[in-house]
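Okay, thanks for coming, everyone.

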Amino acid sequence: MADGCRPGDPDPPQAQTRRFADIGELPLEQGSSLPGVVIAYESWGRLNAARDNAVLICHALTGDAHVVGPAGPGQPTPGWWDGLIGTGRYVDPTDWYVVAANVLGGCQGSTGPSSIAPDGKPWGSRFPAITIRDQVTAEAALATYLGIGSWAAVIGGSMGGMRALEWPLLYPERVATSVVLASTGYATAEQIAWCAPQLAAIEEDPAWQGGDYYESGRAPTSGLGIARRIAQVTYRSEYEFATRFGRTPQGDGRFAVESYLDHHASKLTHRFDAGSYAVLTRAMNSHDIGRDRGGLRSALQNLQARLVVAAVDSDRLYPSRLSTELIDAHPDAGPLHLIKSPYGHDGFLIELDQVGAMIAETLDGA
């Protein structure tokens, strides 16, 4: 135990500081194991006497455990879903014990390629390939560490939605409700294709050094910035780009939309590790709830948890047809919640009132 904190402590219903759970050796889907795993997490509220009010929030690719709250020491950015959690908000910590963990393979306190291996050197290229299921296994170990036998709800969007789907399949007795936002039952060919140039940009950066750059004094920030520019195009809609930027030029001979992409690249390279980006991107590529379960429909046929699925109507990265597939395979989940937004995939984060109201209604029914 990193700090001795337990959910029964008298925590106020505001965001807590980042904490660290030493969950020990973690078995991986590929058959090996990862020693000395630490998972960083934040929590809001407290676990009730019945221990039935725990909610897990699962972040997307470059998110972390800091769902709400300001930036501060050791936390470079404000909460990525600010406004969702809080007294009188959609997820009220007066009623719910809310937990968010930095995912396995990440770079905000959880064990990842930048972490120190048992030999005293960064893992780097030696960090094993992990899957979405491995990330869920790590979150399950965190739940055990916190004394949480089961979640009233697991909620996630994008990569977090992948984990929200895997949770009740891997641990059917530990999840009552799964809320899947702007996600999919498997990584599609196009999603993998979009990831390919992002990975190439990072790994062809001369500073990459095969993934072992952590002690070199240089990081592949140029490649990571290019990867973010590519990804950012998929996160937003063509309509938003057309109406927000159009063909507006800048004084330097470039277009305004190019400056926008540069801005997002710069923001990410100042807060995120390229090694984690590569590891997590490959984990997303591995995602397929039907793997070794007879396919997607077979996997969902016997799902015990309540399944709630939402899609963004303008999402071109995770189009709504992928959410409809989940509903069709598990009819008890219907109907599909459609988030109306001009912003594309990022609409699940931007349209807080639509998404928050849906989550609040789901929790009321839990």
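So, Trp80, Trp81 and Phe348: ring pairs link these three into a cluster. Keep in mind that this is a predicted model. Searching the whole structure turns up eleven aromatic pairs. One of them is tryptophan 167 with tyrosine 171, a tilted pair at 5.3 Å centre to centre and 50 degrees between the planes. Both tryptophan 167 and tyrosine 171 are buried.

Another tilted pair is tryptophan 208 with tyrosine 213, with 5.7 Å between centres and 40 degrees between planes. Tryptophan 208 is buried at 12% relative accessible area, and tyrosine 213 is buried at 3%.

On to the charges. How many salt bridges does the structure hold? We get 13. Take glutamate 139 and arginine 163, whose closest N and O atoms are 2.8 Å apart. That one ties together distant parts of the chain, with glutamate 139 in helix H1 and arginine 163 in helix H2, 24 residues apart. And are they buried or exposed? Glutamate 139 and arginine 163 are both buried.

Then there's arginine 236 with aspartate 346, at 2.9 Å between the closest N and O atoms. Here the two are 110 residues apart: arginine 236 is in the loop between H4 and H5, aspartate 346 in the loop between S8 and H10. Both of these are buried as well.

Now look at glutamate 325 and arginine 321, which form a salt bridge at 3.7 Å, N to O. They're four residues apart in helix H9, so about one helical turn separates them. Glutamate 325 is partly exposed at 26% relative accessibility, and arginine 321 is partly exposed at 47%. There's also a salt-bridge network joining Glu29, Arg133, Glu166, Arg291 and Arg293.

Eight strands make an open, mixed sheet, ordered S1-S2-S4-S3-S5-S6-S7-S8. S1 and S8 are the edges, and each has a single partner strand, so one side of each has no neighbour in the sheet. From one strand to the next, the twist averages 25 degrees. S1 pairs antiparallel with S2 over seven bridges, and phenylalanine 20 stands opposite alanine 40 in S2.

Helix H9 comes back here: it packs on the sheet, touching S6, S7 and S8, at about 165 degrees to S7. Helix H11 lies across S3, S5, S6, S7 and S8, running at about 170 degrees to S6.

Conventions. Residues numbered from 1 in each chain as written. Predicted model: local features only at pLDDT ≥ 70, side-chain atom pairs only at ≥ 80, totals over all residues. Heavy atoms only, no water. Pairing = 2+ DSSP bridges. Axes fitted to C-alpha atoms, helices over the stretch in contact; angles between N-to-C directions. Contact = heavy atoms within 4.5 Å. Phe/Tyr/Trp six-rings, centres within 6.5 Å; stacked < 30°, edge-to-face > 60°. Buried < 20%, exposed > 50% of the residue type's maximum accessible area, 1.4 Å probe, protein only. Salt bridge = Lys/Arg side-chain N within 4 Å of Asp/Glu carboxyl O.
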